[in-house]
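Hello,

Here is the structure I promised to pass on.

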Amino acid sequence: MQFDSFQINLIAENLFEIPRTGPMLQPARIYATPQMMQSLLAEKEPIRQAIHVAQLPGIQKYSLAMPDIHWGYGFPIGGVAATDWQEGVISPGGVGYDINCGVRLASTSLTTEGVKAHLSSLINHLFNTVPTGVGSSNAIKKLSKQELKKLLIRGASWAIEQGYGLRNDLDFIEENGCLPDANPDRVSERALERGQSQVGTLGSGNHFLEIDRVDKIFDSRAAAVLGLFEDQVVVLIHTGSRGFGYQVCDDYLKVMGRAAEKYHLHLPDRQLASAPVQSPEGQQYLQAMACAANFAWNNRQVIMSLAEDAFLRTFGISPAELGFHLIYDVSHNIAKKETHRIDGKPTTVCVHRKGATRAFPPGHPQIPTKYQTIGQPVLIPGDMARYSFVCLGTERAMEETFGSTCHGAGRLLSRHKAKKLGRGRNLLKELSGKGVLVQARGMATVAEEMPEAYKDVADVVDIMHNSGISTKVARLKPLGVIKG
Amino acid sequence: MEKSGNYFHLINHTADAAFDIRADSLENLFTEAAKSMYSLLFEELPASSSQKTDLALSAYSVEELLVSFLNELLYLISVKKRILYPIILLKIDSTEKSIRLNCRAGSHKISARKLARLTEIKAVTYHQLNIKRTDKGFYTRLVFDL
């Protein structure tokens, strides 16, 4: 098939390639069914963006797009690009505004039967404990700028030192909850101001805290290692670096716009503004981005701890009886220094994941000892009525996608259309009829995030499962949700 | 055929929000851009206010100035809980090294409760942002990250 002057070839089941053409420095590869590809061709922008990413200086192997690809800004959402650490560029557009937006899964010892009668009270407690909505703040005491800088440097261990969670939790967070190059001197006063009162807040939009039940196990051996069993109650948290991260991204897009000119980088979209990784601008961005990543890990750490408190208060049981444990925490908006095999040689690259999840295989040194035999857990949320998935990274992902996989369902309807569709409907009642209790600050957010607004995440997860990139372990069904 | 006047038009964007904006002057393009952003947040905009706020910004390019202006308005909403509207005066001038904006607008307080219920706009992006002169004035595409 053809897209403008670009040829698109089906090179394997559910894998399309756009060969290097014109200004592209590498081919682009998109994981999609033929039917999905038809929709992408009609939509145009996501494919155009994957082609644009293939023009980033120093890009290695391919510009990649996962099956949840959709129109983003600069990179497509679902985009992955690895650039050479010495000769390539870093692009804030390949990370996004919500730096280290990610997902965290915690287990409990409770089962659906034990929770059902208290679900409404639990959701109330959670809603009153975890601030949600635009401008949500003060989950914990407002931090001084000096204290916030300590948090930015120390990563999630800061939250643990303050009593939010256990030291052991760090083993189950990507990068152990801390990017070491964080330098608060690279962060603006305004970013610090925005971060001071937002640690432990969920925010709005597609961010959520869900009480799920383990609905189906696909891989019982891996589920046992993860501590998952059928009908178990678990907690899924999706949020990021809040206004702090948005500000860091915005600040550095200006810096990168000038850097692109300074270093004579020819980029097809302003939002792909970049600088060489090794330039002062590139290094400064990486140090500021690391601060935002560390902020997000603290945010999810504090929220998880607040959620545990809400469970304890609701059920009046001891922490030992609750058995609240972090299973894993993944990032899906980040750029990181990683080593991958390129042309048979280990090569250091800057892997940009914009709406894509790291999916490292069994035996990889960067995954927890406990998961060495099964691989890195990958958490893929769906919409608030259907299901989410727990998967595992594979060696195939290392070979084909720089150790990356999909990150979610992808929207089917624009927010505007979803709101229109929600008019005159009692969405909370509809969701409750499907067995999902929802509490939200605003009904507009519930309408924007209604299940019909999203594609079926199972379609996305199955492509990656069947391609051997990330394999399914368990399916989670929502029982209750809090949102902005 | 291109309509004359100042207006914004929501275009179909599945994940985020995008507008085509046209105006007879650069100043009006900025005002329309602000109105497009507010349309994502508020069903009704406040009437005139006795309280006024002045903004002064400078940037390296006109596109950067537009993003800075809109992100400033967003920052005031989400952090300072204030909406700047109506825009009473907006002036853009350029020097050799930069482009400057001066704006005077009405200033209204938003309650934390109302703020929490708004659609969250994470930022104004540079994606497809290219302010062009047309026969009838100025045009740009504007994409917001939601």
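Two strands pair if DSSP finds at least two bridges between them. Strands (E, at least two residues) and helices (H or I, at least four) are DSSP runs, numbered from the N terminus. Please keep in mind that this is a predicted model, where local features need pLDDT of at least 70, side-chain atom pairs count only at pLDDT 80 or more, and totals for chains, interfaces and linings use all residues. Residues are numbered from 1 along each chain as its sequence is written, while chains are lettered from A and ligands numbered from 1 in the order in which they are written.

Strands first. In chain A, β17 (residues 377-380) and β18 (residues 388-393) run antiparallel and are joined by 4 bridges, with A:Pro377 opposite A:Leu392 of β18(A). β18(A) also pairs with β21(A), again in the antiparallel sense, over 6 bridges; there A:Phe389 has A:Arg475 as its bridge partner in β21(A).

Now the helices of chain A. α9(A) (residues 242-262) packs with α10(A) at an angle of about 170°, the axes being 9 Å apart (axes are lines fitted to C-alpha atoms, for helices over the stretch in contact, and angles run from 0 to 180 degrees between N-to-C directions). α9(A) and α10(A) are therefore roughly antiparallel (over 145 degrees; under 35 counts as roughly parallel, 65 to 115 as roughly perpendicular and the rest as oblique). α1(A) (residues 34-43) and α2(A) (residues 45-53) pack at about 85° with axes 5 Å apart, and are therefore roughly perpendicular to each other. In that contact (C-beta atoms, placed from the backbone, within 7 Å), A:Leu40, A:Leu41 and A:Glu43 of α1(A) meet A:Glu45, A:Pro46 and A:Ile47 of α2(A).

Helix α4(A) (residues 119-129) has A:Leu122, A:Ile123, A:His125, A:Leu126 and A:Phe127 as its buried residues. These pack against several elements of chain A, including α3 (112-116), α10 (280-315) and β21 (470-483).

How many residues of chain B are in contact with chain A? There are 30, facing 38 residues of chain A. α2 (62-78), α3 (112-116) and β8 (137-145) of chain B each supply at least two residues of that side, and α2(B) gives the largest share, 4 residues. The side of chain B that touches chain A divides into 14 nonpolar, 8 polar and 8 charged residues (Ala, Val, Leu, Ile, Met, Phe, Trp, Tyr, Cys and Pro count as nonpolar, Asp, Glu, Lys and Arg as charged, and the others, Gly among them, as polar).

Finally, confidence: the predictor gives the complex an ipTM of 0.91 and a pTM of 0.96. Chain B averages a pLDDT of 92, and 99% of the residues score at least 70 (pLDDT is the predictor's confidence in each residue, from 0 to 100).

Best wishes

Conventions. Buried ≥ 20, exposed ≤ 12 C-beta atoms within 10 Å, placed from the backbone. Contact = placed C-beta atoms within 7 Å.
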